[in-house]
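Me: I have a structure open and want to talk through the packing. Can you take my questions as they come?

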Amino acid sequence: MNKHIERLYNGLIKENPTLVLMLGMCPTLAVSTAAINGIGMGLSTTAVLILSNLVISLLRRVIPNEVRLPAYIVIVASLVTVTELLIEAYLPTVYEALGIYIPLIVVNCIILGRAEAYANKHEPGLSIMDGLGMGLGFTIALTLAGLFREVLGAGTAFGYRVLPESVSPMGIFIQPPGAFLIIALFIVIMNAIGIKTRQKQLVENDGCSGNCAACAMSCEERKEEAK
Amino acid sequence: MKSLILIMISGALINNVVLNQFLGICSFLGVSKQMKASASLGVAVIFVLTIASAVASILYDLVLKPFNLDFMKTIVFILVIAALVQIVEMFLKKTSPAIYKALGIYLPLITTNCAVLGVALTNVQNGYNFIECVLSGFGTAVGYTLAIVLLAGIRSRIREEDLPAPLRGAPIVLISAALMSIAFMGFSGLSF
């Protein structure tokens with residue numbers, strides 16, 4: 001398979017960041033109250049991810065290894081600020097709906113994770129495709145979660161009514177507890193049909209970089225097990 | 001005075017940072033396996049979040065706002081938090097090795113804990129003054145500690161072998177979190 005296409009497939013399905021790697025749970029849980037929010041958040045993150053992968057890949061021989069994490073954080077934070085200002089100017093409704101979660105893209109594990117695991121070792125073309133694949137995988141997972149919650153909790157899909165008026169929607173699903181329940185349901189389904197979530201494997205690939213609390217924690221466990 | 005107490009209660013219980021606003025989920029799910037680790041992380045978060053809120057508030061009021069650099073706040077705050085965590089780590093290592101030993105491995109994790117950045121940004125958005133920022137940071141961190149310690153307590157009592165196979169691991173933790181979240185929704189009646 002063509003290497004670029006393979007990157008897309010990898011991000012969308014094989015290593016889907018949300019459903020398989022379980023990264024970026026905060027925005028997944030927080031903004032999936034409606035399908036349209038999922039698309040907005042997903043595409044914003046995709047834009048940042050493609051650009052950060054590109055920049056970090058271009059600078060991969062310039063940034064000294066010891067200060068790479070602060071350097072990445074500055075690059076990502078600048079890109080997020082630009083994205084935030086653009087959304088505020090051109091898509092005010094999306095900006096209203098996503099609120100604080102747009103600047104918080106900076107600390108999304110997916111972005112630093114891809115910089116560490118892929119972009120700083122590969123050429124720009126492949127890194128862009130990697131960012132695109134991962135970003136779209138994230139968008140799809142987020143939209144799916146949003147769609148489920150919206151249909152169950154409000155009886156609508158993308159703002160259009162899909163359940164008949166006689167069925168009263170279960171409001172709990174668009175409130176905070178519903179987020180945990182829907183994601184739990186997704187993982188149960190994935191487990192039941194035999195797709196393994198691979199958090200441990202990511203840790204091995206990632207080299208315990210300490211970017212994400214959950215990854216770093218399983219690193220500590222692995223080190224203890226090794227002793 | 002009443003409003004200050006309300007800011008703290010709201011941060012800790014009504015708008016619980018984990019169960020209501022979904023910040024810091026990574027560490028909430030990852031670290032809550034062990035009670036001791038959860039409590040240590042909680043203390044480290046209280047420590048860092050309170051200081052970070054104070055520093056972010058000072059920087060915003062004295063530097064960013066007067067010079068019209070409002071749009072730089074995300075970059076400035078994340079750098080301040082990262083630097084602050086480093087300084088706290090070095091300071092603890094020098095002055096009190098015992099505390100450093102207990103909290104050491106959790107301190108670096110806090111840099112990418114979105115709760116810290118989230119609170120700093122929310123404080124600024126709400127237009128809080130210095131004291132309100134510190135109290136809101138402290139209250140939020142107490143809420144985080146409460147949530148993660150409670151979840152660790154629940155997880156220590158779950159017997160995985162009693163569960164159907166697909167529910168083991170992450171799903172049952174998420175379901176426990178959902179039930180806690182329902183319980184915390186009850187606190188919304190506290191807003192007076």
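Me: Which residues of H8(B) meet which residues of H9(B)?

Reply: Ala147(B), Leu150(B), Leu151(B), Ile154(B) and Arg155(B) of H8(B) meet Val173(B), Ser176(B), Ala177(B) and Met180(B) of H9(B). Contact here is C-beta atoms, placed from the backbone, within 7 Å. Helices are DSSP runs of H or I with at least four residues, strands are runs of E with at least two, and both are numbered from the N terminus. This is a predicted model, where local features need pLDDT of at least 70 and side-chain atom pairs count only at pLDDT 80 or more, while totals for chains, interfaces and linings use all residues. Residues are numbered from 1 along each chain as its sequence is written, and chains are lettered from A and ligands numbered from 1 in the order in which they are written.

Me: OK, the two chains. How many residues of chain A are in contact with chain B?

Reply: 40 residues of chain A, against 37 of chain B. On chain A, H2 (25-31), H4 (68-90), H8 (176-192) and H10 (213-226) each supply at least two residues of that side. H8(A) gives the largest share, eleven residues. By class, the chain A side has 32 nonpolar, seven polar and one charged.

Me: Are H4(A) and H4(B) roughly parallel or roughly antiparallel?

Reply: Their axes come within 9 Å and cross at roughly 155°, which makes H4(A) roughly antiparallel to H4(B). Residues making the contact include Ile73(A), Val74(A) and Ala77(A) from H4(A), and Ile75(B) and Ile78(B) from H4(B). That contact has eight nonpolar, three polar and no charged residues.

Me: Ile73(A) again. How far is its C-alpha from that of Leu112(A)?

Reply: 7.7 Å between the C-alpha atoms of Ile73(A) and Leu112(A), although they are 39 residues apart along the chain. Leu112(A) sits in H6(A), residues 109-119.

Me: Is Leu112(A) buried or exposed?

Reply: Leu112(A) is buried, with 23 C-beta neighbours inside 10 Å. Buried takes 20 or more other C-beta atoms within 10 Å of the residue's own, exposed 12 or fewer, and partly exposed is in between, with C-beta atoms placed from the backbone.

Me: Different topic. Where is Phe22(B), the one with positive phi?

Reply: Phe22(B) is in the loop between H1 (2-14) and H2 (25-31) of chain B. Its phi is about 60° although it is not a glycine. Phe22(B) is buried, with 28 other C-beta atoms within 10 Å.

Me: What about Phe158(A)?

Reply: Phe158(A) also isn't a glycine, and has a positive phi of about 50°. Phe158(A) lies in the loop between strands E1 (156-157) and E2 (160-161) of chain A. Phe158(A) is partly exposed, with 13 other C-beta atoms within 10 Å.

Conventions:
Two residues are in contact if their C-beta atoms, placed from the backbone, lie within 7 Å. Ala, Val, Leu, Ile, Met, Phe, Trp, Tyr, Cys and Pro count as nonpolar, Asp, Glu, Lys and Arg as charged, and the others, Gly among them, as polar. Axes are lines fitted to C-alpha atoms, for helices over the stretch in contact, and angles run from 0 to 180 degrees between N-to-C directions. Angles under 35 degrees count as roughly parallel, over 145 as roughly antiparallel, 65 to 115 as roughly perpendicular and the rest as oblique.
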